[in-house]
Amino acid sequence: MLQQFAIDAFYQTPEELMNLFPIPTVIIHKSSTILYANHRFAHLHNSTLDQMIGRKISSFSEAAGKSVEGYFATFARRESIDRDEIYVNGFYFQILIQPIYDKNNRVEAIFCFQWNISKIKRLQQVFHQNNKRHKEQLRFDQITHVANEYALEDYVFELKKSSQENEHTIVVLIDVDHFDEFNREHGFMKANAALYAIAQTLKFELRRESDYLIKLNRDRFFIMFPNISYLSAFTIAERLRNSIYQLNLQHQAGIDQRLTISIILHTVFIEKLTALNHLIHMLGDQLSLNKYHGRNRCTEYNQNPQAIRAVV
């Protein structure tokens with residue numbers, strides 16, 4: 001039947017027909033037996049036509065055998081499939097699949113054409129790897145080497161998924177005091193070095209894996225302490241403040257001629273963490289007001305800006 005099909009359709013023998021194609025080509029019976037193939041297909045499987053014809057495709061490639069079984073199962077369900085991708089002997093191929101029907105309109109065999117897409121596939125893999133690496137780089141601040149605002153969104157998303165109802169987090173905003181003056185006094189290279197030293201010191205002082213440090217724009221940092229008491233968070237904040245003071249980064253306009261930080265803390269229910277930018281902006285506005293009462297301090301957020309008070 002298949003021989004007559006090929007001869008009637010193309011007016012030459014199936015063997016001649018198969019070898020017309022400049023790519024690996026094969027006709028496979030529904031029993032997974034190879035009926036016809038060209039030399040390119042045989043070469044792909046390190047075989048010859050005499051060795052291949054009449055044998056199961058799975059005897060040459062287990063992966064190809066499973067794929068062929070899947071194709072016939074798909075046709076048996078009256079579903080369509082016209083192409084697929086497989087990996088054979090170190091090469092990626094895209095397969096064009098054409099069903100061959102018997103007189104009862106049932107799929108008797110399939111005609112498969114294979115294009116070698118290994119170069120394209122490897123280029124795609126390199127692209128995806130580079131894209132993934134680039135995305136990871138985008139998640140970190142290039143100066144301080146700590147996570148940035150892009151990473152914060154992902155962290156909050158995962159935190160919400162893993163948290164229970166009414167669980168809270170302490171959010172902390174840190175501002176480097178008189179940093180613009182420090183930049184003008186020492187230049188941007190020393191200013192960047194100072195930001196790096198501050199960031200790494202803050203990171204070192206965070207003892208829990210769940211505590212998360214973020215570098216915001218310019219001279220600000222943001223920390224989240226999930227599921228911790230306010231008193232414990234404040235104690236850590238004081239340790240952070242003192243650690244930066246002990247760095248002794250010389251600054252003429254600073255307290256004791258040192259670069260210092262000012263900190264504000266606030267308790268937020270994790271489920272309420274939606275508008276992060278608004279939260280950070282709100283904390284920043286009050287921290288600026290708090291600084292009028294003194295820098296190098298830890299303060300708490302107060303809903304009433306007229307009643308701002310220092311915690312210490």
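Predicted model: local features only at pLDDT ≥ 70, side-chain atom pairs only at ≥ 80, totals over all residues.
Local features need pLDDT of at least 70, side-chain atom pairs count only at pLDDT 80 or more, and totals for chains, interfaces and linings use all residues. Residues are numbered from 1 along each chain as its sequence is written, and side-chain values use heavy atoms, with hydrogens and water left out.

Start with the rings. A pair of aromatic rings is described by the distance of the centres and the angle of the planes. Here, rings of Phe, Tyr and Trp (its six-membered ring) pair if their centres lie within 6.5 Å; planes under 30 degrees apart count as stacked, over 60 as edge-to-face and the rest as tilted. The whole structure holds 7 aromatic pairs. One of them joins Phe-21 and Phe-113. Their centres are 4.9 Å apart and their planes stand at 70 degrees, so this pair is edge-to-face. Phe-21 sits in the loop between helix H2 (14-20) and strand S1 (25-29), while Phe-113 belongs to strand S5 (residues 107-116). The two are 92 residues apart, so the pair links distant parts of the chain. Helices (H or I, at least four residues) and strands (E, at least two) are DSSP runs, numbered from the N terminus. Phe-21, Phe-111 and Phe-113 form one aromatic cluster.

Is Phe-113 buried or exposed? Its relative accessible area is 11%, so Phe-113 is buried. Buried means under 20% relative accessible area, exposed over 50%, partly exposed in between (1.4 Å probe, protein chains only).

Now turn to Tyr-155 and Tyr-212. Their rings are stacked, 4.2 Å centre to centre with 5 degrees between the planes. Tyr-155 lies in helix H7 (residues 149-162) and Tyr-212 in strand S7 (residues 212-215), so the pair ties together parts 57 residues apart in sequence. Tyr-155 is buried, at 15% relative accessibility.

Next comes strand S6 (residues 168-176). Of its 9 residues, 8 are buried, so S6 is largely enclosed by the rest of the structure. Two strands pair if DSSP finds at least two bridges between them. S6 runs antiparallel to strand S9 (residues 261-269), joined by 9 bridges. There, Ile-174 has Ile-263 as its bridge partner. S6 also runs antiparallel to strand S8 (residues 220-226), with 7 bridges. Ile-170 is partnered there by Phe-225.

Last, the cysteines. The structure holds 0 disulfides, a disulfide being a pair of cysteine sulfur atoms within 2.5 Å. Cys-112 is buried, with a relative accessible area of 4%. Cys-298 is buried too, at 0%.
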